[in-house]
Amino acid sequence: MRKIVMALVGLLVMMAPGASASESSEATFLVPTDPSRLVLSVVVMSPMTMHQRSALLYSDGRLELERTGENAREVQLSRGAVQSVLARAAAHHLMEWDGAAVRARMLRKDGKPRLGVSDANHVSVILSVDHYERGSIKIESVDRTISISGADTAKSRYPEIREFAGLVDLIAWMDQKLGEFPGEPE
Amino acid sequence: MRRLLISALLVLQGWQGTALAGTFVGADTDPFEPYVVVHSPGYDGTGGVLEVGIYADRKAQPSLERAITVWNELQRSVQNCTSCRLWEQGPGTSEEPSDLTTVLIHELGHCAFGLDHTNWVGPGATPSSYTATRDASSITNGADGFIGTKDDVVTPLPGARLIHWFRKDTNDPLTPTEFTVDSSTYSRRIIDLPAGSSWPANGNFVVGLVLLGYDGPGVPVTQAVMYSVIDRPTRYFGLAADEVNTVLFAQSGLDEIAGTPDDYTVELAYVADCADAVIEVQFTELMEGSIGQCSPDLESLAPPGELAVYHRLVPPNGERLLLELNSSADWGFLFDDGFEAGNIGSWSGSEP
């Protein structure tokens with residue numbers, strides 16, 4: 001029997017820096033029950049130093065952590081922890097990510113195209129959940145891939161674009177887990 | 001000799017990737033066009049000497065001054081790099097501190113001259129050692145089996161856009177011969193590639209070994225400083241021909257003809273007062289894995305309504321171009337006031 005877990009993002013909005021309760025309180029999503037389903041992937045790579053770190057989270061709470069120079073490890077998170085981190089992403093509207101729309105908002109603010117940051121880290125995020133809903137927005141199966149360079153600079157340049165803050169928040173979540181579950185040196 | 005070279009390079013064969021060459025920032029970025037030419041900050045189409053002041057705190061000053069000297073000399077050198085690594089090799093295991101001068105040489109290429117990386121970033125934002133190319137879906141080694149050389153195979157064609165500039169006569173980014181660099185000798189058009197070339201070669205050190213020969217283990221190699229990867233022990237001692245050629249091309253001015261009134265040269269100079277600086281070098285907390293970054297903007301030099309080919313670097317905030325160094329990176333400093341770099345001012349009156 002399919003067990004559906006409903007996460008109410010509004011209850012967790014305080015965990016999502018930059019999110020306002022009024023805009024995110026309606027967001028809901030279903031965590032897939034297939035235990036092998038990858039629900040969140042965060043990979044940060046420096047094209048300059050080749051340093052890479054990643055966190056792959058599955059719907060059953062299995063978390064694979066990896067960082068350059070350390071052995072990969074696997075830890076187990078609670079179902080509540082899975083909901084919590086996905087709620088942080090939802091509160092920043094990352095499950096609605098539309099790269100073209102984000103670029104249009106940047107262009108509207110700047111009035112002209114701007115260059116990215118040379119040598120900035122690159123972050124790739126994958127989000128995958130079942131039904132997602134916020135206000136009039138309903139998505140049956142969320143499968144988002146977000147790939148940008150210089151997320152931290154983007155967050156400070158465009159504080160009004162909450163998706164950038166959300167990406168930085170997910171990186172901070174990954175870094176916290178990497179610190180919480182340190183790996184052995186390779 | 002040939003056998004030595006081949007054995008040294010065998011491990012580098014077979015990777016998927018692209019080659020890198022002299023490129024300008026923006027060439028690989030929508031909505032800028034692939035044919036952009038980027039000029040140093042302050043250039044307005046008037047020829048002469050352009051002075052670019054750079055400020056850094058005391059900790060970075062000695063390294064900055066060394067990096068400034070390298071760029072002001074603008075010499076094509078060989079064997080300019082030790083412990084160079086290609087992206088495909090992955091990070092080394094050395095725990096040596098990163099070299100501030102090396103990182104500053106690379107970052108000044110972005111911040112002061114508008115140069116971009118010479119290598120291709122492929123699908124999934126994965127860097128490679130193939131030549132910087134726009135809109136390519138794949139690049140593979142050509143018949144010579146080496147990455148980034150002139151016979152690499154780029155897909156799709158038509159479709160992939162050439163953004164790496166090259167010598168029309170040789171398509172050789174690393175041999176340090178003197179020549180007049182302007183539109184008569186330097187190009188990014190595919191029809192200008194010399195016979196035997198399918199794509200521009202880039203300045204990664206494998207291309208250097210192929211073009212300049214292999215002088216044995218431990219001998220420095222030749223690599224463009226604008227290659228994107230800087231491993232912890234990597235040290236650059238000078239520029240390669242590639243970046244010198246590309247800077248000289250820009251300095252042939254808006255008419256792209258050397259020897260005309262709009263030609264210019266750039267004189268970088270350390271300035272003690274940040275208010276006088278065009279570029280500010282700043283230690284700041286960057287994300288883990290970063291060592292340095294530069295965040296310029298581009299301003300078109302074209303009159304309104306005309307195609308925006310020529311740009312100059314401008315600061316995003318209207319004040320100074322920011323060159324950031326990661327304060328959390330291991331730079332080998334024990335103290336934070338430049339003491340180890342020779343600045344003993346703060347100790348002059350202290351005991352014992």
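**Salt bridges and the chain A–chain B interface**

Colleague: How many salt bridges are there between chain A and chain B?
Modeller: This is a predicted model, where local features need pLDDT of at least 70 and side-chain atom pairs count only at pLDDT 80 or more, while totals for chains, interfaces and linings use all residues. Residues are numbered from 1 along each chain as its sequence is written, chains are lettered from A and ligands numbered from 1 in the order in which they are written, and side-chain values use heavy atoms, leaving out hydrogens and water. A salt bridge is a side-chain nitrogen of Lys or Arg within 4 Å of a carboxyl oxygen of Asp or Glu. By that rule, the count between chain A and chain B is 3.

Colleague: Nice, thanks! Which residue of chain B forms a salt bridge with A:Arg67?
Modeller: The closest N and O atoms of this pair are 2.8 Å apart. A:Arg67 sits in strand 5 (residues 62–67) of chain A and its partner in the loop between strand 16 and strand 17 (292–294) of chain B, so the pair joins two chains; helices (H or I, at least four residues) and strands (E, at least two) are DSSP runs numbered from the N terminus. The partner is B:Glu288.

Colleague: Is A:Arg67 buried or exposed?
Modeller: The classes are buried (under 20% relative accessible area), exposed (over 50%) and partly exposed in between, with a 1.4 Å probe and protein chains only. B:Glu288, at 27%, counts as partly exposed. A:Arg67 has a relative accessible area of 16%, and therefore counts as buried.

Colleague: Which other arginine meets B:Glu288 in a salt bridge, at 3.8 Å?
Modeller: B:Glu288 belongs to a network of salt bridges that also links A:Arg53, A:Arg67, A:Glu70, A:Arg73 and A:Asp175. The arginine at 3.8 Å, N to O, from B:Glu288 is A:Arg53.

Colleague: And the interface itself: how much area do chain A and chain B bury between them?
Modeller: In this model, 28 residues of chain A are in contact (heavy atoms within 4.5 Å) with 33 residues of chain B. Buried area is the accessible area (1.4 Å probe) that two parts lose on being put together, summed over both. Carbon and sulfur atoms hold 58% of the total, which comes to about 2,600 Å².

Colleague: Which three residues supply 30% of the area that chain A buries against chain B?
Modeller: These three supply more than any other three residues. They are A:Met48, A:Met50 and A:Leu115.

Colleague: Moving inside chain B, how many residues apart in sequence are the parts tied together by B:Arg76 and B:Glu178?
Modeller: Their side chains meet in a salt bridge at 3.4 Å, N to O. B:Arg76 lies in the loop between helix 2 and strand 4 (81–82), and B:Glu178 in the loop between strand 12 (166–167) and strand 13 (186–187), so the parts they tie together are separated by 102 residues.

Colleague: Last one: which residue follows helix 2 of chain B?
Modeller: Helix 2 of chain B (residues 61–73) has several buried residues, among them B:Leu64, B:Ile68 and B:Trp71. Helix 3 (100–111) and helix 5 (241–250) are included in what covers the buried residues. The residue that follows has a positive phi, near 45 degrees, and is B:Leu74.
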